[in-house]
Amino acid sequence: MSMDKMQLAKEAVRRAKAAGAEYADARLVRLNLEELSVKNGAPGEAGAPEEWGVGVRVRNDGCFGFGARPLVAGSELEAVTEAAQAAVECAGSLKGAMRTPTGWAELSGDQADSYETPVERDPFSVPVAERLELLQEANASMDQHDSVVSRRAHCSLRREEQWQASSEGAALHQLLIRTGAGMDVTAAANGQVQRRSHPSSWGNYKSGGWEHVEAMELPLAGPRLCEEAVALCSADPCPSGERTVVIGASQLALQIHESVGHPNELDRVHGHEVDLAGSSFATTEKLGGFQYGSELVNLVADSTIPGGLDTRGWDDECVPSNRWHVVKDGIFSGYHTSREWAHTVGEAGSKGTARAEGWRNPPIIRITNLSLQPGTWDFDSLIADCEDGSIFMDFVKMWSIDQRRLNFQFTCEVAWEIQGGKLGRMLRNPTYQGRTPDFWGSCDAICGPDHWDLWGVSNCGKGNPMQTAEMSHGAAPARFRELTLVGAE
Amino acid sequence: MDPIRPEGLKELAAEVVAASPAHETEVVWDVSCDRFARFASSGPTQSADRVVPRVQVRVRVEREGGLGEASAVSDTLDLGGAKAALERALQLAGHGAVSGDLVPLGGAVDAPLSHGDPGVLDQGFEVMAGWIERAISGCEESDLSPAGLAQLTHSGRAIVNSAGRAVCGSTSRAALSLTASDPGGGGAGFGDAISQRAGGVDVERVIHRAVSKGVMNRSPQGIEPGRYTVVLEPNAVSSLLLFAGYQGLGAQDVAEEASFLCGRRGEQAFSDQVSLFDDAQNEHYQGLAFDWEGTPKQRVELVKGGVLGDPVTDRLWAAKLGVANTGHAHSQPNTHGPKPGNMVLAPGSQSMDELIGGVKRGLLVTQLHYTNMIDPRDLLLTGMTRNGTFLIEDGEVTRPVKNLRFTESLVSALASVSGVGQEVEVAGALFDGEIVCPALRIEDFRFTSSTDF
């Protein structure tokens with residue numbers, strides 16, 4: 001039997017209610033990807049995955065249950081019925097083990113609406129031949145030296161369509177388009193293996209269309225990347241000790257993600273992720289008073305910002321998108337929340353950050369687009385303002401942070417020593433280590449809007465079993481005083 | 001149909017191959033039935049009952065100057081959905097440039113049939129609810145906060161290609177993990193069990209390990225970073241050794257000079273107490289008997305008595321290097337090359353007490369967190385200790401210490417192994433993968449900073 005997809009989502013909710021659910025929501029999710037890569041001059045991966053299924057979540061006596069089934073043409077009703085029944089049975093079997101019912105923020109009124117990512121050039125309309133030609137050209141542009149052992153260019157298009165209904169009356173449709181590309185080259189010489197990438201370590205991805213890829217000008221970056229990868233193989237190792245460090249925007253994006261985003265997830269704060277991903281030092285008594293960073297530091301969460309990988313109409317609990325300060329003038333000011341957890345910080349409603357990977361996972365709190373607000377410095381002026389021996393570094397190579405998100409250590413792809421107010425000798429394996437509030441507290445300069453961009457994270461892992469989610473972090477280069485450099489070698 | 005029945009998946013896959021007009025076609029059809037329940041002090045927090053299929057169709061079509069290759073994936077159990085994936089793959093392969101390195105798909109093989117235990121799913125949510133009740137009660141009795149995961153999974157896979165290859169099998173997994181944390185912000189303890197059999201999870205042992213560690217670790221004190229002799233429990237060893245699997249032990253890693261094997265093959269690079277092999281048929285934790293190309297997986301001696309062996313291969317890298325295919329292909333096509341997926345670190349002869357007893361002053365490490373790689377050539381790694389780090393003095397565990405960050409080369413660490421435990425466990429890590437390994441004692445392990453807890 002064929003049925004309109006929104007009707008099918010509503011039917012899943014109706015059947016869950018009929019099976020005994022007090023509350024139910026259902027998401028039909030269709031995901032299409034097209035991925036292409038060129039490695040060492042030849043097509044590497046060419047894939048076109050598709051996912052299509054239904055996830056039904058119920059809440060009975062404060063206990064959640066979730067069922068998920070793939071959708072097969074002609075037997076969709078059977079699948080949604082099975083998913084709904086599985087969710088109810090799941091909650092029913094487990095509720096005897098409940099000690100305390102989960103919290104739940106009510107949503108008022110029916111919601112029926114639709115959201116679509118604005119797109120200038122639909123990426124799926126760009127012919128495969130055109131995409132491959134661009135990647136071939138980018139790949140060839142890195143073929144400049146005998147020491148190059150690997151060069152790769154890649155692009156990915158993602159179309160996620162969701163029909164969402166709930167027993168509270170929500171009927172929401174979303175179409176999210178995400179597009180991105182990148183390139184990297186690896187050189188080996190002198191016992192070193194060194195990699196350089198563009199525009200960042202994993203490329204860059206944004207919500208929107210092919211216009212983002214065109215703006216990257218991939219082939220123009222190749223010769224410089226190649227030269228830097230080869231040069232890194234004979235560069236001096238980055239020294240140890242305390243230095244003034246200017247951190248580039250793409251590296252800062254990951255720093256924001258790991259040391260502000262994850263500890264700000266309220267389910268982590270309450271210990272519900274401690275079994276794998278970890279917990280948080282940013283506990284609730286710190287809200288509103290804790291000095292998270294210097295007064296220059298303003299971090300804003302925003303699931304409405306154009307181009308953000310998590311820019312959408314609603315989260316997977318039907319809560320509208322939102323914008324709020326996580327850190328304001330250096331003070332810890334707000335959490336990422338869900339309907340389950342909002343009440344624990346005295347908020348009547350969720351900020352709308354509960355998301356699930358595809359149709360097969362229940363929603364958990366995820367970082368949304370979270371950005372360091374730009375300052376006023378020009379980059380060249382900032383470098384010129386640094387004392388000799390300061391370091392500029394950028395591009396993620398390695399990241400690691402403790403389970404409460406305090407002690408971190410990051411390695412960048414490349415660094416330069418600052419001498420006479422300019423970038424001097426190149427340094428390899430630049431590694432810095434710190435403690436989250438000390439790090440953000442040492443920030444004394446941030447570059448202005450001209451140096452600010454959104455950097456997409458398309459592989460954020462959380463949950464157990466682990467789920468992957470996407471979000472963006474805006475940043476501009478910024479300066480940090482007395483940062484500890486670790487001689488990684 | 002039973003979605004996991006491997007023979008059924010094989011029949012479906014064969015129908016897709018038969019329908020393909022491509023020069024070569026390969027179909028990999030997976031289905032996983034998965035039930036899990038997460039829990040915390042409030043009780044079950046999240047749970048799911050999922051059927052997750054995945055069919056991947058890889059085609060090669062004739063193009064001017066060679067073959068074009070592409071794949072498409074669909075999470076469907078439906079023949080129509082798989083044929084739609086075939087159409088997408090054909091469309092993609094028909095565009096763009098000719099593919100580079102390709103070797104013909106492999107023909108018929110005899111692969112041992114891997115049998116999971118479908119009984120793991122029969123245990124259901126009621127059984128997991130019982131585990132959770134016991135775990136929460138066990139923690140409450142010692143004033144600790146629980147958080148954990150109970151999970152039951154049964155998976156099937158079939159691979160059929162146009163060269164006559166047709167293999168199938170299934171695996172199963174039952175697991176319980178528990179972190180028992182001091183509610184006042186002190187330390188925590190961890191315990192877990194992973195089994196392939198229904199009833200193979202020793203729930204009481206998991207609870208005892210997590211709770212006893214949590215009690216011991218309630219008030220850790222700071223300790224200076226530096227070089228220490230360490231006794232790493234299996235869950236800490238796995239976090240290190242899995243990186244050798246991610247980067248270094250595959251033929252492509254070596255060819256691209258991004259492996260610790262480069263320039264060291266045949267050398268005694270590690271302690272003679274270290275022997276590492278990859279064996280999907282090992283007695284402790286069996287995997288599927290064939291790789292992602294349907295090639296039977298061979299047992300490979302990666303390190304024997306501290307001497308480094310050869311990397312694992314797949315069809316492409318075996319042909320490129322003129323060596324045997326060891327059956328370690330990953331999902332095709334990919335740009336990462338072959339990797340070992342069923343590693344076993346051979347046990348030694350020492351009990352845990354003997355490993356600890358041989359330490360004048362050092363640290364007992366329960367688990368490592370967020371291990372990551374700085375440099376591939378020496379496998380320079382960093383990460384944090386987690387869920388129970390304890391000072392050892394004169395062969396006795398004396399007190400809990402706050403967590404430390406290590407920055408250490410795995411090559412140096414395995415050269416400095418001074419003891420290997422006699423019992424092995426199945427252990428995982430934050431990132432993907434599980435291995436079978438014992439505890440290790442390592443001299444002069446470098447810790448570079450500390451944290452607040």
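Strand S7 (residues 171–189) of chain A and S9(A) pair in the antiparallel sense over 4 bridges, where two strands count as paired if DSSP finds at least two bridges between them. In this pairing, Thr179(A) has Lys206(A) in S9(A) as its bridge partner. The structure is a predicted model, in which local features need pLDDT of at least 70 and side-chain atom pairs count only at pLDDT 80 or more, while totals for chains, interfaces and linings use all residues. Residues are numbered from 1 along each chain as its sequence is written, chains are lettered from A and ligands numbered from 1 in the order in which they are written, and side-chain values use heavy atoms, with hydrogens and water left out.

Strands and helices are DSSP runs numbered from the N terminus, a strand (E) having at least two residues and a helix (H or I) at least four. In strand S9 (residues 204–207) of chain A, Asn204(A) and Lys206(A) point one way and Tyr205(A) and Ser207(A) the other way, and all are buried; buried means under 20% relative accessible area, exposed over 50%, and partly exposed in between, with a 1.4 Å probe and protein chains only.

We turn now to chain B. Of the 14 residues of strand S13 (residues 380–393) of chain B, 13 are buried, so this strand is largely enclosed by the rest of the structure. Strand S12 (residues 361–375) of chain B runs antiparallel to S13(B), with 11 bridges in the pairing, and Gln367(B) has Arg386(B) as its bridge partner in S13(B). The two strands form a hairpin with 4 residues between them, and Leu379(B) in the turn has a positive phi of about 45°. S13(B) is also joined by 5 bridges to strand S14 (residues 396–401) of chain B, again antiparallel, with Leu391(B) opposite Arg399(B) in S14(B). This pair forms a hairpin as well, with 2 residues between the strands and a positive phi of about 50° at Asp394(B) in the turn. A further antiparallel pairing, of 5 bridges, links S13(B) to strand S15 (residues 404–409) of chain B, where Thr382(B) stands opposite Thr407(B).

Elsewhere in chain B, Ile442(B) lies in strand S19 (residues 440–450) and is buried, with a relative accessible area of 1%. Not counting residues up to four places away in sequence, Ile442(B) touches several residues, among them Tyr228(B), Leu232(B), Ala413(B) and Val417(B), where contact means heavy atoms within 4.5 Å.

The two chains also meet each other. The size of an interface is often given as the accessible area lost when the parts come together. Chain B and chain A bury about 6800 Å² between them, 53% of it on carbon and sulfur atoms, the area being found with a 1.4 Å probe and summed over both parts. Arg38(B), Asp75(B) and Tyr370(B) supply 10% of the area that chain B buries against chain A, more than any other three residues. Across this interface there are 9 salt bridges, each a side-chain nitrogen of Lys or Arg within 4 Å of a carboxyl oxygen of Asp or Glu, and the side chains of Glu273(A) and Arg38(B) meet in a salt bridge at 2.9 Å, N to O. Strand S2 (residues 43–63) of chain B gives the most to the side of chain B that touches chain A, with 11 residues. S2(B) also pairs in the parallel sense with strand S4 (residues 63–70) of chain A, over 2 bridges, and there Ala68(A) stands opposite Arg50(B).

How values were computed
Buried area is the accessible area (1.4 Å probe) that two parts lose on being put together, summed over both.
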